[in-house]
Amino acid sequence: MKGPDVAWYLAVSGFLFGTGTLGVLLRRSPLIILLSLEIMLNAANLALIAVSRHYGHADGQIFALAVMAVAASEVVVGLGLIVAMARRDLVLDVDRLTTLRG
Amino acid sequence: MVVASWICLLAPLAAALAITVLGERISRRGAGYLATASVVGSFAASVVTFALLTGQAREDRVRYSTVWDWLGTGTLHFGLRILVDPLSVMMMLIVTGVGALIVGYSVGYMDGDEEERRYFAYMALFVFSMLLLVQGGNLLILLAGWGLVGLSSYLLIGFWQDRPSAIAAAKKAFVMNAFGDATMALAFFLLIQHTGSLDFERVFASDLSGNHWLVNLVALGLLGGAVAKSAQLPLQTWLPDAMEGPTPVSALIHAATMVTAGVYLIVRTHPLFELAPKVQDLAAGLGAATLVMAGLIALVQTDIKRVIAYSTMSQIGYMFLAAGIGAYGNGMFHLMTHAFFKALLFMAAGIVIHALAGEQDIRRMGGLRRLLPKTYLATLVGALALVGVPPFAGFFSKDSILAAALGRGWYGDILWGLGLLGTFLTGLYTFRLVFLVFEGRPSAFVLEHLTAGSHAGGQEGHRHELAPNEPGDEPASTHAHPAHVHVGEGPFSMTSTVAVLALLSLVGGFLQFAGLWTPVSDWLDPVARPLVDATGWQETASSVLAVAFGLFGVFIAWGIYSRKLMEAPSAPRLRALLENKLYFDRAYDLAFYNPAVALARGWNVLIERPLVAGSITGVAGGSRRLAGRVTAAQTGLVRTYVFALAASLAVLIVVFVSVR
């Protein structure tokens, strides 16, 4: 099975990762930050699977599955936190949630 | 025989441990009975040992018993070893016999104290330590006992630990004794170096006579220990302060037994002292100087217990004199009779103090003769024995010491003269005490306590609980000690033991009558053969003169303090000198205490505060400042953290790529 060269996959992965990073850095809503995190995780997954296929090993794909499981759990916890914050009428703005300042 | 002496040694230790372990499960009185029973048991065991030892042939009366190897390094081995010989058995009998009476007396005296159990545990521990000292089969065990008696003495002087003066006195006694312990330990090191052993028989058998420096140093070291323990010049200042302890403690430790340990040490190690005649002369001289000095100071003391304490010091001076000139039997005999009459005097004083709710100032007493007739009688017996009036015990023992000093050249004659002066002083200060306390008309203070009787008892019983916390209270009444006040002369446990001691002071002297029969000296002869033997005329002359001098002292005391025929000479300079105890305390403060304090202050300013304390606060302050800087990095903003992560990741990637 032929397809695009692995370099293209990595380029897409890098682009996705950059997008996610910028999202985490620039956006203020915790919800969007969570989404951006997911994008970063998936960029990593893409890179793992592409490289795994390139070398003909299954390791990367298995690892990607593990990452997905982690991502799913993370979303559960993260969304739960956001819902809890909303319930307590906290401002959903990470720049104003600075209770942990030293 | 050996088994009996082990029982004698260990019974008080068992009682001390039992009282400690049982704690609240044993009643206070029960603790007293247990301690008394253990010491009585010890006494019974000593009597058995004595009886069995008399059954042996004279040459066969030295028995060692080793249970196990206690300490060993290389070729040196020290067994846990006791020695049973005439000298140690005599000391065992004195310690346990007088000890049993005094511990029994304490049951009544300490009744009602908050911490009777602790008291009796300490007392039993003391008796064990003293027995270890006298039964020790080598010099190391002796030193262990020596240290332990110092410890128990410290604990018991400071028994009323809420009194600052008692704590200070305990510390003073401990430090001065530690000095003596140190000189003894140094002497032992020398002995180990040169004889390779500390066992009595090996040390005494080895030939050291060629090495003058060595024998003199060893003897000096031992003498230092003896002088500190027995409160002789120049380490005497702790003994009067030690009177802060309960009166039975003063009777047992600071009169009858522990303070005489120095005499025992000299007699026990006499082969070493005999190699160093100069040190022997020094011991005798110190004894003579102490006996005169203590007698003089006793003349101006106003605390009933301190008068007796100085008298103890003075009497131990006689024993040192005897041990120094080599009259070992006479010295040990005086040790024994002194244990009887001095314990008696202390315990009688204890009854007086009890009856007057803790008052110890003789100027506030007076006229007790009719109010406490039995105590008066007991004190009179003790006082007559102390002065050496025939037929009381002191007459037989003290005069033979004086006689032994005669016929030893000019030095012996000086000692003899000082001893005679001492008897005069003894008569004077002893009967000053007797007349001030018992004669005359009862003072208002006495009447308040003794004739109103019952109501005073309850009231005073409460006052003592407040006394230690009330610094404003006048000094005399802060002496109120934590024991219930008994109306009259005290419970049976106190009166009966005093009666036994009075009897012993009355008849104890007949054990030995120099020139006629000398069982004590004969008994000790195999262990310590005397170097001197007084002739008949020396004995007679000394006795006549000593009794005359003593009675002359009594007569003057009678004139001044009873009949008021003459005024006490005022001599303010001399009086100030004596009331300040010849300024020994002040001199020691100047020579040792003040420099030490100044040195400590200096170190504090130069080293402690800048270096030690400075380094610690420096470390603490430094980390706090550093932490302050680091906290600035914790903004609480998620994006800061993420940026830091991303930036470091980017740096890592760059590094990775470029390095590869």
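Angles over 145 degrees between N-to-C directions count as roughly antiparallel. I'm jotting that down before anything else, for the helix pair in the first entry. I'm also noting that this is a predicted model.

**Entry 1: where the chains meet**

I started with α1(A), residues 6-26, and α28(B). Their axes come within 8 Å and cross at roughly 150°. That angle is over the 145 cut-off, so I'm calling α1(A) and α28(B) roughly antiparallel to each other. I then listed who touches whom: α1(A) puts in Thr21(A), Val24(A) and Leu25(A), while α28(B) answers with Arg639(B), Val642(B), Phe643(B) and Ala646(B). Sorted by class, this helix contact has 5 nonpolar, 1 polar and 1 charged residues.

Next I looked at the chain contact as a whole, which takes 10 residues from chain B and 10 residues from chain A. Which element gives the most to chain B's side? I found helix α28 of chain B, residues 638-659, with 5 residues. Chain B's side of the contact splits into 5 nonpolar, 4 polar and 1 charged.

**Entry 2: a helix pair inside chain B**

I moved on to α2(B), residues 28-54, and α4(B), residues 116-135. Here the axes come within 8 Å and cross at roughly 15°. Angles under 35 degrees count as roughly parallel, so α2(B) goes down as roughly parallel to α4(B). I noted the crossing of these two as left-handed.

For the contact itself, I wrote down Arg28(B), Ala31(B), Gly32(B), Ala35(B), Ser38(B), Val39(B) and Ser42(B) from α2(B). From α4(B) I have Glu116(B), Arg117(B), Phe120(B), Met123(B), Ala124(B), Val127(B) and Leu131(B). By class, that contact comes to 8 nonpolar, 3 polar and 3 charged residues.

I looked up β1(B), residues 63-73, and β2(B), residues 76-84. They pair in the antiparallel sense over 9 bridges. One pairing I checked was Gly72(B), whose bridge partner in β2(B) is His77(B).

What about positive phi in residues that are not glycine? I have two to write up.

Asp89(A) has a positive phi of about 60°. I placed Asp89(A) in the segment after α3 of chain A, where α3 covers 59-87. Buried or exposed? Asp89(A) has 7 C-beta neighbours inside 10 Å, and 12 or fewer means exposed, so exposed goes in the notebook.

Ala231(B) has a positive phi of about 55° and is found in the loop between α8 and α9 of chain B. I counted 28 other C-beta atoms within 10 Å of Ala231(B), and the cut-off for buried is 20 or more, so Ala231(B) is buried.

A cis peptide bond joins Leu233(B) and Pro234(B), with omega about 0°. Pro234(B) sits in the loop between α8 (212-229) and α9 (238-241) of chain B.

I also logged a cis peptide bond between Pro390(B) and Pro391(B), where omega is about 5°. Pro391(B) lies in the loop between α17 (373-387) and α18 (393-405) of chain B.

Notes. Residues numbered from 1 in each chain as written. Chains lettered and ligands numbered in written order. Predicted model: local features only at pLDDT ≥ 70, side-chain atom pairs only at ≥ 80, totals over all residues. Pairing = 2+ DSSP bridges. Helix = DSSP H or I, 4+ residues; strand = E, 2+ residues; numbered from the N terminus. Contact = placed C-beta atoms within 7 Å. Nonpolar A, V, L, I, M, F, W, Y, C, P; charged D, E, K, R; others polar. Axes fitted to C-alpha atoms, helices over the stretch in contact; angles between N-to-C directions. Parallel < 35°, antiparallel > 145°, perpendicular 65-115°, else oblique. Left-handed = near helix turned anticlockwise from the far one by under 90°.
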